[in-house]
Amino acid sequence: MRLRIEEITLVGTSRTIHFEPGMNAIIGSMSGGKTATVSCLRALLGADVSVVPELRGRTIAGTVLVGDRRYRIVRTLVTTSKAMVEIAEVGGRREVWRLPASQLQAGYDETFRDWWRNVLRLPRLSVPRAPNDDRSPLVPVTISDYLMYCVLRQKEIDSSVFGTPDNYSKNIKRKYVFEILYGVYDPEAAGLRDRLREVTTELAALTADADTLERILQTTAFASRAQLEVERQETEGELIRARQADIHLTGELAESATVTLRERIAEVEAEIARVAGAAEAEAVSVTNLRELHGQLIAQSRRLTRALVAERLLNDFEFHTCPRCGAGVPERGDEHTCRLCLQTPPHLPAPSSLAAEQDRIIEQVTETEELIARSTQRLAQLRTAQAVQTNKRADLGAQLDRATATYITDQADRIRGIAARQAQLEEHLARLDDGLALHDRLAGQAERVAELEREQEDLNSKIDATRHSNQTVSERLRKLDDAFEAALRSFDAPRFDDRPGSYINKKTYLPVVDGRPFADLQSQGVEVLVNVAHVLAHQHVALNDHDIPLPNLLIIDGISSNVGHEGVDLERLRKMYTSLLRAATEHVDRLQIIVTDNDSPPIAGIHRALELSDTDRLVPMPPAEPDDTHPVDAPPEPEEEAGT
């Protein structure tokens, strides 16, 4: 994908660097700050901050073009992983982000490092920390790892390929990035490796557990499963016989004289329950009859009062006022009361009241008779209940004496059978525990065999993804051709051992005429090989859109240890010419930035920045005039001096 740095500013200073499409150069003396500038560019692109002391704590702001979208990025140059980075899109959708540098924080979905990986559409993968150990923990492939193939640093350009021989972890990431870029490490293979890692971890745990369990069994009496099965069968048979003896002894107890006593006790208890129920019902009946008797007596008394009132007060008339004693005059008629002038109420005839009184008296007599009979019956029931209760107590005492005598006679036999039964049950449980351990061991062996088959199958599938992909093979062939072409265009020194240069398919390191990079010996040749190597990757990626390598190349110290006279100078010119040709040919997609002590030996390269010992990357503030001794100030008067 197109990645272009358009401008970077050191906030708080006048230093702003503008970069053009194509090839740019930063030139200047050794102490001017060229490498520091590259460090700022790497920080702008999401790499970890590693800058000189003069830049620590300062803030950089830069504009980058990614594909067709332009972003403004502001980042403080601190090593804190939680430091915030601000991003704003220029034009377009005008999106804004504020993200932690490299460590995810609560409330954030991604980091600045993740943002770069996402915006460049780089695969988001995690790989084993140790490639040859499937149980190794997984680590993510970050933007810094991908930038390894875009930035050729000065401290590595003349000694190693991306500094990997001195950094084992970095070398592992270099290989993984190579495989990701060229499709060797495809998503399907990554999923297979993840499953292989799970299988290997479980297999190791099960194997260790099985070994431990087997060692434990060998030191116990449960070492032989066959012996355990025979012993369990014998113990189970003996336990069955002990239980049958216990049942037989219980039968003997059931057939003894105590059975008759138990039956009689059951009959007495049933009779006690029946009598108690009848007594309770009779008591309720007595209570109800007494309540009825009281009600009848009250009714009889009311009738008596009515009859007396009828005989004594019938046709009674007032002739004198009962209140004031004055005579009551004749008033009203024969149907009204002379005193209140109201019609007297109609009262039943005395004969009907007398009949009702007789009927009530008869009912009272009958109720009294019923109460007497119920009271007598209740007394009889309570007497019977007491008799049955005493009988139950006598029978219970007889049963206790009979049972105690029998159990005493059979005590030793009962204890022996119970003890033997408990002993056999406990031994049987121990045997079952031992067999359970053997079952567990057998299950683990089956699971281990299953996992080993799956492990073998996964390894076969992973190998098939490595070797059967013709597209990958074609890409690697093109990379070899591009590397060889780049070396020839540089006119790099060659060797006669085995003509032809290529990338080793196991180490992914350059090989020149049969000589590995570590055997080149000459630092100048190593520089040419390193530049040819990164340029070859860009050539292949520019012609294959499925290779996700960002189209940006930063080379720090391009002429390090390359001579500037005679043949060496000509080789330097040819290297510059090849880089310029590639940047010009793909001017809209590929941007190249190089740093050098001297001006480029060819024309057509944009000089983005020129530094020197007096004009360094971090501009020095202007010197302030010395107020105590101004240079052009006239001498002070003597009297003021004396003062």
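The talk below takes the terms one by one.

Modeller: This is a predicted model, where local features need pLDDT of at least 70, side-chain atom pairs count only at pLDDT 80 or more, and totals for chains, interfaces and linings use all residues. Residues are numbered from 1 along each chain as its sequence is written, and side-chain values use heavy atoms, with hydrogens and water left out.

Colleague: What does the secondary structure of the chain come to?

Modeller: It comes to 13 helices and 16 strands. Helices (H or I, at least four residues) and strands (E, at least two) are DSSP runs, numbered from the N terminus.

Colleague: How do you know that the length of helix 5 agrees with its number of residues?

Modeller: The expected span is 1.5 Å times one less than the number of residues. Helix 5 covers residues 168–182, which is 15 residues, so it should span 21 Å. Its end C-alpha atoms are 22 Å apart, which agrees.

Colleague: What is found at the two ends of helix 5?

Modeller: At its start, a side-chain oxygen of Asn-167 reaches to within 3.3 Å of the backbone nitrogen of Ser-169. After the helix comes Gly-183, with a positive phi near 85 degrees.

Colleague: Why is Leu-181 called buried?

Modeller: Its relative accessible area is 2%. The limit is under 20%, so Leu-181 counts as buried. Leu-181 sits in helix 5.

Colleague: Which residues does Leu-181 touch?

Modeller: Contact means heavy atoms within 4.5 Å. Not counting residues up to four places away in sequence, Leu-181 touches Tyr-146, Tyr-149, Arg-475, Ile-547, Pro-548 and Leu-549. Take Ile-547: it is 366 residues from Leu-181 in sequence, yet the two are 5.4 Å apart, C-alpha to C-alpha.

Colleague: Is Arg-498 buried or exposed?

Modeller: Its relative accessible area is 54%, so Arg-498 is exposed. Arg-498 lies in the loop between helix 10 (470–490) and strand 11 (501–503). Leaving aside neighbours within four places in sequence, Arg-498 is in contact with Asp-513 and Gly-514. Arg-498 and Asp-513 are 15 residues apart in sequence and 4.8 Å apart in space, C-alpha to C-alpha.

Colleague: What makes the link between Asp-145 and Lys-173 a polar contact?

Modeller: A polar contact is a pair of N or O atoms within 3.5 Å. Within protein, one atom must be able to donate a hydrogen and the other to accept it, and residues adjacent in sequence count only if both atoms are side-chain atoms. The side chains of Asp-145 and Lys-173 make such a contact at 2.8 Å. A polar atom of the Asp-145 side chain also lies 2.9 Å from the backbone nitrogen of Thr-142.

Colleague: Where is Asp-145, and why does it count as buried?

Modeller: Asp-145 is in helix 3 (residues 143–147). Its relative accessibility is 9%, so Asp-145 counts as buried.

Colleague: How many aromatic pairs are there?

Modeller: Rings of Phe, Tyr and Trp (its six-membered ring) pair if their centres lie within 6.5 Å; planes under 30 degrees apart count as stacked, over 60 as edge-to-face and the rest as tilted. By this rule the count is 8.

Colleague: Why is the pair of Tyr-71 and Trp-115 called edge-to-face?

Modeller: The ring centres are 5.1 Å apart and the planes stand at 90 degrees, so the pair is edge-to-face. Tyr-71 is in strand 5 (residues 69–76) and Trp-115 is in helix 2 (residues 112–119), 44 residues apart. Both residues are buried.

Colleague: What makes Phe-112 and Trp-115 a stacked pair?

Modeller: Their centres are 6.3 Å apart, with 15 degrees between the planes. Phe-112 and Trp-115 are 3 residues apart in helix 2, which means about one helical turn separates them. One aromatic cluster is formed by Tyr-71, Trp-97, Phe-112, Trp-115 and Trp-116.

How values were computed
Buried < 20%, exposed > 50% of the residue type's maximum accessible area, 1.4 Å probe, protein only.
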